[in-house]
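Colleague: Could you walk me through how the labels on this model were assigned? I would like to set each value against its rule.

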Amino acid sequence: DSETGAISLLRSLDFEEDDSYELEVQARDGGQLFDTAKVTITITDINDNRPVILVRSALTEISEDAPLGTVVALLHVHDPDSGANGEIRCSLGGDVPFLLQSSHGSYYSVVTARELDREQVPEYNVTVRAADGGSPALQSSAVLALRVLDVNDNAPVFAEERYSARVAENNAAGALVLRVRATDADWGQNARVRYRLAEGRVRGAPLSSYVSVQAETGALYALRSLDYEQVRELQLWVRAEDGGAPALSSNVSVRLVIVDENDNAPQVLYPPAAAAPGWGGAWSGVELLARGSEAGALVAKVVAVDADAGQNAWLSLTRWLVLAVAAVSCLFVAFLLLLLALRLRRWRRQHLLPPASGALRGVPVSHFVGIDGVRAFLRSYSHDVSLTADSRKSQLRFSAASCCDTLPARPLPDEPAPLLGEE
């Protein structure tokens, strides 16, 4: 200001453009005399700039088997401010398997800190943060997008630990038996699963002549009609392989149970078949039987077998035998239950009787102990019996020593002599 000498700003100052200015001020009077002075203006920095993150180089894809310390990105970080305002602290955001290392001065490198697993995390968005030392601090960030490439490190896994199926015999050739299914956690060609049968033999023939498995779907088919009387079950292994190089595989056990059908007629073993032609397959044999045998006497026993199983092999002899065994078993169980009930009843009566007080219903306890007690008990209840051919003259007379509360019977005048003695 020409009058006051005040120096004012014409525009905003930027420390990052120029941190000081030098001015020459001249003062002149009316007589054209003057003097000059040098003015130096120093600009004080304030924290008005955020840190700058420059990505010099970076990977967009990394293999999941990359070794530890693999460099993913190279960064350059700087802040135009000065002093504490220009001091930068860098960090990585989130829980990521990477580490930020300081290289030269303001250069940083992002490296792998632990093993990668594409099956758990297929891609990462790594955030790099930079904050200065100002108050308040200013910060900036940059995002590194990284995709994890798959390697064939997972074998196929079957949906079940083991498979089993029931197949009725006499099935049609080519019938579907069951399906096995396996999945692979890898990606792309490494996750493509194909199925095949493990080598094996059944009754001397290759297993592949009995069953086959569809390579793409895992469907198991029966190649021939199965016969329960020849093969009752098939034990086989199915292998699943992925498309990796080298390929990984796993096996699963498959059990096929052949279900019997009633396709065999009974065969009579005895009596033997007729040897002479023209008998029409009748049975021949000679059985001896006594002349005076009564109706229902055993003449012969027919022995027959059936190649089927279970109820399909039951014969009408066999049926009555099963019924007889069942009846005997029921009677035995009923006997056990009755015996148990009697024992429980005896135990209950023993516990319900009053305690011994020296006499039971007027009879001393000593009468029930030993042989003498038994004789005394029998004598107390003894009676005389007289029997005659005429039932009207028979008598029943209690002895005078009876403990019953009844009067002794008066003998009749024509009382016959007793047939049984006093004893």
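Modeller: Happy to! Asp-81 and Asn-49 make a polar contact through their side chains, at 2.8 Å. This is a predicted model, in which local features need pLDDT of at least 70, side-chain atom pairs count only at pLDDT 80 or more, and totals for chains, interfaces and linings use all residues. Residues are numbered from 1 along each chain as its sequence is written, and side-chain values use heavy atoms, with hydrogens and water left out.

Colleague: Why is the pair Glu-22 and Lys-38 called a salt bridge?

Modeller: Their closest N and O atoms are 3.4 Å apart, so the pair falls within the cut-off. Glu-22 lies in strand S1 (residues 20-28) and Lys-38 in strand S2 (residues 34-42), so the pair ties together parts that are 16 residues apart in sequence. Strands here are DSSP runs (E, at least two residues), numbered from the N terminus.

Colleague: How do you know that Lys-38 is exposed?

Modeller: Exposed means over 50% relative accessible area, with a 1.4 Å probe and protein chains only. Lys-38 has 62%, so Lys-38 counts as exposed. Glu-22, at 56%, counts as exposed too.

Key
A polar contact is a pair of N or O atoms within 3.5 Å; within protein, one must be able to donate a hydrogen and the other to accept it, and residues adjacent in sequence count only if both atoms are side-chain atoms. A salt bridge is a side-chain nitrogen of Lys or Arg within 4 Å of a carboxyl oxygen of Asp or Glu. Helices (H or I, at least four residues) and strands (E, at least two) are DSSP runs, numbered from the N terminus. Buried means under 20% relative accessible area, exposed over 50%, partly exposed in between (1.4 Å probe, protein chains only).
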